[in-house]
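Subject: Model handover

Hello,

Here is the model for your set. Please open it alongside this note.

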Amino acid sequence: MTETLTDHLTDIPPRTDVPPLTEANAEGHLAAICFKIGPPRLVGVEAEWFVHDAENPGSAVAPHRVERALAALPTDPDGGHPGPNGPLFPAGSRLTREPGGQVELSSPPADSPGDCAEGLLLDQRTLRAALASQGLRLTGTGTDPLARERRMQLSHPRYLAMERHFDRTGPWGRIMMCGTASFQVCVDAGAAHGPSSYAARWQLLHRLGPVLVAAFANSPSLDGRPTGHRSTRQMVWSRMDPTRTLAPRLADGDPRGNWARYVLDAELLCVRREGGRSWAAPTGRTFREWLRGGDGERPPTLADLDYHCTTLFPPVRPRGHLELRMIDAQPGNGWLAPLALVTGLLDDPVAADTALDALEVLDSSSLLPPRSELWRRAATLAMADPALRRAALTCFTAAEQALARRPGSGRLRAALTGFAERYPARGRCPADDQLDALRAGVHPVPLETAPC
């Protein structure tokens, strides 16, 4: 697991005085680094929020207001992001700003889910207080429900290249960058063999994916109107460039080799260039084709390959550790529930077996997530789908029992049981609260109903 559990943007050009990278070397490198082998121990989270005006949430927030709020925080003398002296948070979370003005806290790795939760709660309170000093608030929802122009607030060449790449196939990439927010759980890949092996955890997380989409669906609106999806954010991801948003092949039990091939066959999103030149990639060019040359670009390096990996967004992304990317942002401290569910199931062999039995019967589609029929049902119906609801209730019960066996998990266990009683047990998800508010004529920006 990496130190900060976040992607770092850099303007430093790649070295060109290194031996050319070959396809064989590239595949070997990817297979070696994508799943770091060892007993699973660490956990981290990445939480995104929209920033809205506390008094007038329908108005756009000028970037300088956020910058002024963050400037009041202590700064990290050893560096941070953004800028050379980023905000210093008490528990060590790293702050990033997203292209549409969203903010994200990435926790450092923790030895237990309970420690991870306590750290992010502390840093979330710090961020919330800083923003409140400028009349701003955090809003936890998977899509920005307001009808307003989506404008890139960041001009980094990576984001400009992303915008150009995704604009070729419709509005979905721009919506994703500027109008969505997620909650991500990051866990160790696993051991070489046995019930906690990286291959077993990889399979379980992909099986669990549609339950996570459905149970925590929290994005029913876009542009001020319901979309017909409980997780509009998931729908958006399913319509983007499939070479970088579908899951790798899962059926043959070779996650390392499948991931290596997936990376090389994904289209280039950007090529880092010096001298202020655009990073836009040649249209339709894959990394494998770049390795084979003939397009006038410089030969790619190992650093280019590693950077290319940061531009891939499957539902579960292997980065040494495993990063779960399918969960909508949650209101208040509602993110405690998905953290509890994922770690409760993964960290307990009995709970993992129970969950796998409940999940294996759900999907026989040959389509890869998130474009399979089950994932589409999860995004559209969520907990109103009877099969998904049954599987979710089994998983929530198994995770709660696992947490009861684990010391120091009281807060997470309470969050999990409270969520289960409020939502899956009633065939509901957080998106249904937003839809109820819309039907009642309440402003579409959801209230933070869970205190921090």
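Predicted model: local features only at pLDDT ≥ 70, side-chain atom pairs only at ≥ 80, totals over all residues.

Residues are numbered from 1 along each chain as its sequence is written, and side-chain values use heavy atoms, with hydrogens and water left out.

Helix pairs

Helices (H or I, at least four residues) and strands (E, at least two) are DSSP runs, numbered from the N terminus. Axes are lines fitted to C-alpha atoms, for helices over the stretch in contact, and angles run from 0 to 180 degrees between N-to-C directions.

Helix H3 (residues 113–132) packs against helix H12 (residues 336–346) at about 165°, with the axes 11 Å apart. That makes H3 roughly antiparallel to H12 (angles under 35 degrees count as roughly parallel, over 145 as roughly antiparallel, 65 to 115 as roughly perpendicular, the rest as oblique). On the H3 side, Pro113, Ala117 and Leu121 meet Leu336, Leu339 and Thr343 of H12 (contact means heavy atoms within 4.5 Å). By class, this contact of H3 with H12 has five nonpolar, one polar and no charged residues (Ala, Val, Leu, Ile, Met, Phe, Trp, Tyr, Cys and Pro count as nonpolar; Asp, Glu, Lys and Arg as charged; the others, Gly among them, as polar).

The axes of helix H15 (residues 386–404) and helix H16 (residues 410–422) come within 9 Å and cross at roughly 160°. H15 and H16 are therefore roughly antiparallel to each other. By class, the contact of H15 with H16 has eight nonpolar, one polar and two charged residues.

Loops

Ser112 sits in the loop between strand E3 (103–106) and H3. Ser112 is buried, at 18% relative accessible area (buried means under 20%, exposed over 50%, partly exposed in between; 1.4 Å probe, protein chains only). A polar atom of the Ser112 side chain lies 3.0 Å from the backbone nitrogen of Asp115. Not counting residues up to four places away in sequence, Ser112 touches Val43 and Arg406.

Most residues other than glycine have a negative phi, and most peptide bonds are trans. Check these backbone spots:

- Pro369 and Pro370 are joined by a cis peptide bond, omega about 0°.
- Asp223 has phi near 55° and is partly exposed at 25% relative accessibility.
- Ala382 also has phi near 55°. Ala382 lies in the loop between H14 and H15 and is buried at 0%.

Best regards

Note on methods
Polar contact = N/O pair within 3.5 Å; in protein donor to acceptor, adjacent residues only side chain to side chain.
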